[in-house]
Amino acid sequence: MVAVVFGARGSVGRHVAAGLAEAGVRFRVTSRESAAGFVVADLERPETLPAALEGADRAFIYAKPEGIDGFVAAARDAGLRHVVLLSSGAVVNPGADRDPIAISHRRVETALEESGLEWTFIRPGMFATNTLWWWARSIREEGRVRMPYPEAQTAPIHEKDMAALAVTALTRPGHAGQAYTVYGPESLTQRELVKHIGNAIGRDIRVEELTPEEARVELGRTMPPLGVETMMRVWASGVGVPARTSTTVPDLTGRPAHTFAQWAHDHASDFSS
Ligand SMILES: NC(=O)c1ccc[n+]([C@@H]2O[C@H](COP(=O)([O-])OP(=O)(O)OC[C@H]3O[C@@H](n4cnc5c(N)ncnc54)[C@H](OP(=O)(O)O)[C@@H]3O)[C@@H](O)[C@H]2O)c1
């Protein structure tokens, strides 16, 4: 068995590589940039794929709609059998047929379903790592977070848990043709997420509530308009409503999912000055 981990420097991909190493599986890691130990490969540049896939029989990939047809052709040529895709839970949400994020992930899923390759889809809800780009800088520099809807509930997922699902699908039988929706194990308000981060770094973090209008301006500085509107919609609909949780991680891996408190502990240095 030889596995290829595309995007192995990404927050999920790096843990997929670590999990394969722990499982004793032979694997190869790729990046679009040249770096020691990494094969240079770009899922949107098909000419880079044969070298990455040579001799491999399975792969972990990110959803790249522009490149998926080229990937399928290269995977068939290389004799790949099984592809595990990091997709998105957006594809099963109501209104998915009108949501650009869901549409782009479904485009990749559909190409794999029609490819003749074996496939497994991991469809996560919100990543815990999102809080890094929302809040890490202001917590480090100002000891506060500014956010809309602090009482909105979410169930963030630890990247290690998504990776553990991918490693299970890559290394154990019975996962071909399966799509796994995964949410975090507990529903927490945004205010509670901040509290957990504060506990992890031993610091009181102030929460300052923004109006939706203020939040659009603030988020718009670092996020494209589509991302801003998606987040505003998700938060607005989460006020007073428990977020969806799942038991996908323990069901598939036999290990409990990480809590957000554990995630905050793992990332304490990202929030500390
Ligand atoms: N954030 C959420 O709440 C959420 C929810 C559901 C699904 N998702 C999915 O998760 C993905 C983000 O995962 P993540 O947190 O692990 O991201 P990340 O830390 O930003 O890593 C993304 C990885 O993808 C690789 N990559 C990007 N473009 C590529 C290309 N054209 N060809 C090959 N590799 C490429 C990058 O590798 P190099 O730069 O080294 O080439 C990088 O390692 C999103 O794109 C989305 O599909 C996110």
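Two residues are in contact if their C-beta atoms, placed from the backbone, lie within 7 Å. With that in hand, welcome to a few close-ups of this predicted model.

**View 1. Alanine 163 and the residues it touches.** Alanine 163 sits in helix α6. Setting aside residues up to four places away in sequence, alanine 163 touches Val12, His15, Val16 and Gly19. Is alanine 163 buried or exposed? Alanine 163 counts as buried because 25 other C-beta atoms lie within 10 Å, and the cut-off for a buried residue is 20 or more. Look also for glycine 10: along the sequence, alanine 163 and glycine 10 are 153 residues apart, while in space their C-alpha atoms are 11 Å apart.

**View 2. Helix α3 and what covers it.** Helix α3 runs over residues 68–78, and its buried residues are Ile68, Phe71, Val72, Ala74 and Ala75.

**View 3. The largest nonpolar core.** In soluble globular proteins, nonpolar side chains tend to be buried together. The largest nonpolar core of this model has 69 residues, and Val5, Phe60, Leu85, Ile122, Leu165 and Ala166 touch the most other members. Helix α6 (residues 159–171) gives the most to this core, contributing 8 residues. Both domain 1 and domain 2 supply at least three residues each. A second, separate core has 5 residues, including Tyr149, Ala152, Leu219 and Trp235.

**View 4. A closer look at phenylalanine 60.** Which residues does phenylalanine 60 contact, leaving aside its neighbours within four places in sequence? They are Ala3, Val5, Phe6, Gly13, Val16, Val84, Ala166 and Leu170.

**View 5. Where the two domains meet.** The protein chain is divided into domain 1 (1–124) and domain 2, which is made up of 128–157, 184–244 and 257–273. Taken over C-alpha atoms, the centres of domain 1 and domain 2 are 28 Å apart. How many residues are in contact between them? On the domain 1 side there are 4, in contact with 4 residues of domain 2. The side of domain 1 that touches domain 2 has 3 nonpolar residues, 1 polar and no charged.

Methods:
Residues are numbered from 1 along each chain as its sequence is written. This is a predicted model: local features need pLDDT of at least 70, side-chain atom pairs count only at pLDDT 80 or more; totals for chains, interfaces and linings use all residues. A residue is buried if 20 or more other C-beta atoms lie within 10 Å of its own, exposed if 12 or fewer, and partly exposed in between; C-beta atoms are placed from the backbone. Helices (H or I, at least four residues) and strands (E, at least two) are DSSP runs, numbered from the N terminus. A nonpolar core is a set of buried Ala, Val, Leu, Ile, Met, Phe, Trp, Tyr and Cys residues joined through C-beta atoms within 7 Å. Domain bounds come from an automatic or database domain assignment. Ala, Val, Leu, Ile, Met, Phe, Trp, Tyr, Cys and Pro count as nonpolar, Asp, Glu, Lys and Arg as charged, and the others, Gly among them, as polar.
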